[in-house]
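Visitor: I have a structure to look at and a few questions about it. Could you show it to me, then walk me through it?

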Amino acid sequence: MPRDSRGHLTPGRISPQRPVPPSIDRPEYVGHAEPHETGLGDLYSPDEIEAIRRSSRIAADAITAVGEAIRPGVTTDELDRVGHDYVVSHGAYPSTLGYRGYPKSVCTSVNEVICHGIPDDTVLEDGDLINIDITAYLDGMHGDTNRTFVVGEGTPEVVDLVERTRLALERGIKAVAPGREVNVVGRAIEMYAKRFGYGVVRDYTGHGVGRAFHSGLIIPHYDAPQFDDVMEVGMVFTIEPMLTLGGIDADIWGDDWTVATRDHSLTAQFEHTLVVTERGAEVLTTY
Ligand code: MF3
Ligand code: CO
Ligand code: CO
């Protein structure tokens, strides 16, 4: 059902909202149209970094649990259930649930969907690509991470895109150092992606994360010198490059969330939350 005659994804049926036990602390934006807590800064004390490490650990392990459920025939809604149950059973809140009206606990972005795909009754097929993005909120801190999986057996072109997107994130992470401007991250990512002729999405970026889901700090994934914030020890943000086999223009579906490549080219993404240390980046969402 949720694919058209050319095999392109179309919106499916979204299941009722999953409950979160009342004992679990919710971010301030839940139940409001948008967050009011922004501009809380991007620098964290060692104790605060430990808290972000805990929420990041849950988010990363939830993706691993979802990954074990990925196979041809499973729906993206079932993957949302696995991710939701993992986060909630570890005492955390799934940050996307109720964020600016987003209805689910996981983003499931299949094939030409760049990001923010909503779990629904879409059935995964052999050779599909799927990105799983989960953010967990615990003790006042968000940890945000995503990975792309190949469903069953992928073509070499698809397998290469996924692996090189993961390596592009690695390049970005290696460019992190205190005293450098954040634009070094995007320069490293774009330079690597261009070797393969991949499109590098510009409209969605990395971001400060911790006290706020999206702090206001922007980390571009392409060469953009105007983003000149200087990295400091104790700064926490995500890097989350999206690469495509075609163009970088995006369309947003009528659900106001799903972002897809205009040319329907396949796309992959990987994301880590990290803290800047004297020696470079320390990744908090390892797997
Ligand atoms: N986790 C995504 C990010 O990496 C944001 C998802 S917001 C949602 O920034 F509302 F779409 F879930
Ligand atoms: Co993010
Ligand atoms: Co994310």
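**Metal sites and ring pairs**

Guide: Start with the sequence. The donor residues of the cobalt ion (ligand 2) follow the spacing D-x62-H-x32-E-x30-E. Keep in mind that this is a predicted model.

Visitor: Which protein atoms are the donors of the cobalt ion (ligand 2), and how far from it do they lie?

Guide: Four residues supply them: D144 (OD), H207 (NE2), E240 (OE) and E271 (OE). Their distances from the cobalt ion (ligand 2) are 2.0 to 2.2 Å.

Visitor: What is the geometry of the site of the cobalt ion (ligand 2)?

Guide: Look at the angles among its six donor atoms: they run from 52 to 160 degrees. Octahedral would need angles between 65 and 115 degrees for donors that are not opposite. The site of the cobalt ion (ligand 2) is therefore classed as irregular.

Visitor: Which residue coordinates both the cobalt ion (ligand 2) and the cobalt ion (ligand 3)?

Guide: These two ions are 3.3 Å apart. The cobalt ion (ligand 3) is coordinated by D133 (OD), D133 (OD), D144 (OD) and E271 (OE), at 2.1 to 2.4 Å. The bridge between the two ions is formed by D144.

Visitor: How many residues apart are D133 and E271?

Guide: D133 is in strand β4 (residues 129-138). E271 is in the loop between β13 (267-269) and β14 (272-277). The pair links distant parts of the chain, with a separation of 138 residues.

Visitor: Is E271 buried or exposed, and what is its relative accessible area?

Guide: Buried means under 20% relative accessible area. H207 is buried at 5%. E271 is also buried, with a relative accessible area of 0%.

Visitor: Now the rings. How many aromatic pairs are there?

Guide: A pair of aromatic rings is described by the distance of the centres and the angle of the planes. Ring centres must lie within 6.5 Å to pair. The count of aromatic pairs is five.

Visitor: Why is the pair of Y29 and Y99 edge-to-face?

Guide: Their ring centres are 4.9 Å apart. Planes over 60 degrees apart count as edge-to-face. The planes of Y29 and Y99 are at 75 degrees, so the pair is edge-to-face.

Visitor: What is the angle between the planes of Y102 and W257?

Guide: Y102 and W257 are both buried. Their rings are 5.2 Å apart, centre to centre. This pair is edge-to-face, and the angle between the planes is 90 degrees.

Visitor: Over which ring does the charged end of R147 sit?

Guide: Take the distance to the ring centre: it is 3.8 Å. The ring under the charged end of R147 belongs to Y287.

Conventions:
Residues are numbered from 1 along each chain as its sequence is written. Chains are lettered from A and ligands numbered from 1 in the order in which they are written. This is a predicted model: local features need pLDDT of at least 70, side-chain atom pairs count only at pLDDT 80 or more; totals for chains, interfaces and linings use all residues. Side-chain values use heavy atoms; hydrogens and water are left out. Donors are N, O and S atoms within 2.8 Å of the metal (3.2 Å for Na, K and Ca); water is not among the atoms, so sites may look incomplete. Helices (H or I, at least four residues) and strands (E, at least two) are DSSP runs, numbered from the N terminus. Rings of Phe, Tyr and Trp (its six-membered ring) pair if their centres lie within 6.5 Å; planes under 30 degrees apart count as stacked, over 60 as edge-to-face and the rest as tilted. Buried means under 20% relative accessible area, exposed over 50%, partly exposed in between (1.4 Å probe, protein chains only). A charge sits over a ring if NZ of Lys or CZ of Arg is within 6 Å of the ring centre and within 35 degrees of the ring normal. Four donors count as tetrahedral if all angles lie between 85 and 135 degrees; four count as square planar and six as octahedral if opposite donors are over 155 degrees apart and all others between 65 and 115; anything else is irregular.
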